[in-house]
Amino acid sequence: MTLFSNSGADLDELAQIKDMRVMIISDAAPERNGVGAYYQDLIQYLQPKVGKLEIICPIILENGRWQGGLNIPLPGDTTQKFLIPNFWNIKKRVRQFAPDVVIVPTPGLIGLAGAFQGRKHGATVLLGFHTWFEKLADMYWGRIEGALNRAYFWVSNKLLFRWSDIVVANSDEMVQIANEFGSKKSFRVGTPVAFNFLNQPQADPVDKVARILFAGRLAAEKNLPAIIDAARAHPDLEFSISGDGPERAHVEKATLELPNLRYLGWLNRDALMAQIDQHDCLVLPSHVESFGTIALESMARGRITVVSRNCGICQWPELNKGLFIIEPHSNLADMISSLKSIDSKLLVQKTSMGRAAAEQLNNWSMGLWYSLLGSLNKK
């Protein structure tokens, strides 16, 4: 029996959610980070199955301005915002929508307002616990700022765990942390794959490593120096970095020094999928990574996918079949050296297994979400 053997909701469970009203309240803008992408993808699959779905979240306009509340750039990362929401608007929209379930994927003021209003109006509150911000504090802030931010997220999380009925996370580690925080019920859920990543025709199979891509936030936890060092160690290969964040200036400086390294800027999901298809390999050498959705998307497109052991995706045994994993005693440059020596048939076989595992995880994940929501509607 495989991890994904029980991979679908039955007809009774789907019937339970066909009239369900689901509201998602988040301060993560679509596509701007892993959480925003996760719930954007989830909505694609939930929308046709539930009675009605509505999301409250910030929107980034074409001019780069954030809409959805008073926003203040985060210290250490001006590409991310601390949002002070319109609490009256959230209260009004929750009351008018009358949700059966409120899903809160993020801590902070919007998450707290969503959970509080959900409980007040009799909805089941489901907390998505996807990022342990306390663990990132030392990477972004100094000792005093770090202590203040850890305290803020600790208080926020404690309230959210108290006000939520169920907590979901996409790794065993995050489930364990949720339990330590006092979660009433915690479940591990899978990660859906964006519809286009699975259903658009794939590029030709990969049988060698020549073009290597990183895509994600340009931040300390992503271990960007490992990518720059790998580009320096392999001048015969092409490296590309996509994204935005506080480390952008370091990346742009490195592109001036290394002719085989280029910066692509921030890309929307369609442009990102096109870049994944144009590269042979995607790398994610993160120091901290709750899951690593971009790695799953790379597998779905049939690309060679390299991740560090720190990535939560490694905790899914069935996905390991399609991953090349950098162990703590190794580094990205050495892993790429190994990939260059692997037989082309083995590379094709590995990427094919990765594609199949991504499809299986998507089906299993959505079956689990349908079952979970169906069980809540029986109450």
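Biologist: What makes the crossing of helix 9 and helix 14 right-handed?

Modeller: A crossing is right-handed if the near helix is turned clockwise from the far one by less than a right angle, and left-handed if anticlockwise. Helix 9 and helix 14 get the right-handed label. Before we go on: this is a predicted model, where local features need pLDDT of at least 70, side-chain atom pairs count only at pLDDT 80 or more, and totals for chains, interfaces and linings use all residues. Residues are numbered from 1 along each chain as its sequence is written, and side-chain values use heavy atoms, with hydrogens and water left out.

Biologist: Why are helix 9 and helix 14 called oblique?

Modeller: Two packed helices are described by the angle between their axes and the distance between the axes. The axes of helix 9 (residues 224-233) and helix 14 (residues 332-340) come within 8 Å and cross at roughly 45°. Axes here are lines fitted to C-alpha atoms, for helices over the stretch in contact, with angles from 0 to 180 degrees between N-to-C directions. Under 35 degrees is roughly parallel, over 145 roughly antiparallel, 65 to 115 roughly perpendicular, and the rest oblique. Helix 9 and helix 14 are therefore oblique.

Biologist: Which residues make that contact between helix 9 and helix 14?

Modeller: Helix 9 brings A226, I227, A230 and A233, and helix 14 brings L332, A333 and I336. Contact means heavy atoms within 4.5 Å. By class there are 7 nonpolar, no polar and no charged residues; Ala, Val, Leu, Ile, Met, Phe, Trp, Tyr, Cys and Pro count as nonpolar, Asp, Glu, Lys and Arg as charged, and the others, Gly among them, as polar.

Biologist: And how do helix 3 and helix 4 cross?

Modeller: The axes of helix 3 (residues 87-97) and helix 4 (residues 109-120) come within 10 Å, crossing at roughly 35°. That crossing is right-handed. F87, I90, K91 and V94 of helix 3 meet L109, A113, Q117, G118 and K120 of helix 4, which divide into 5 nonpolar, 2 polar and 2 charged.

Biologist: How do you know whether P85 is buried or exposed?

Modeller: Buried means under 20% relative accessible area, exposed over 50%, partly exposed in between (1.4 Å probe, protein chains only). P85 has 7%, so it is buried. P85 lies in the loop between strand 6 (77-84) and helix 3, and its C-alpha is separated by 9.8 Å from that of G111, 26 residues apart along the chain.

Biologist: How many of the residues in the protein chain count as buried?

Modeller: 53% of the 379 residues.

How values were computed:
Helix = DSSP H or I, 4+ residues; strand = E, 2+ residues; numbered from the N terminus.
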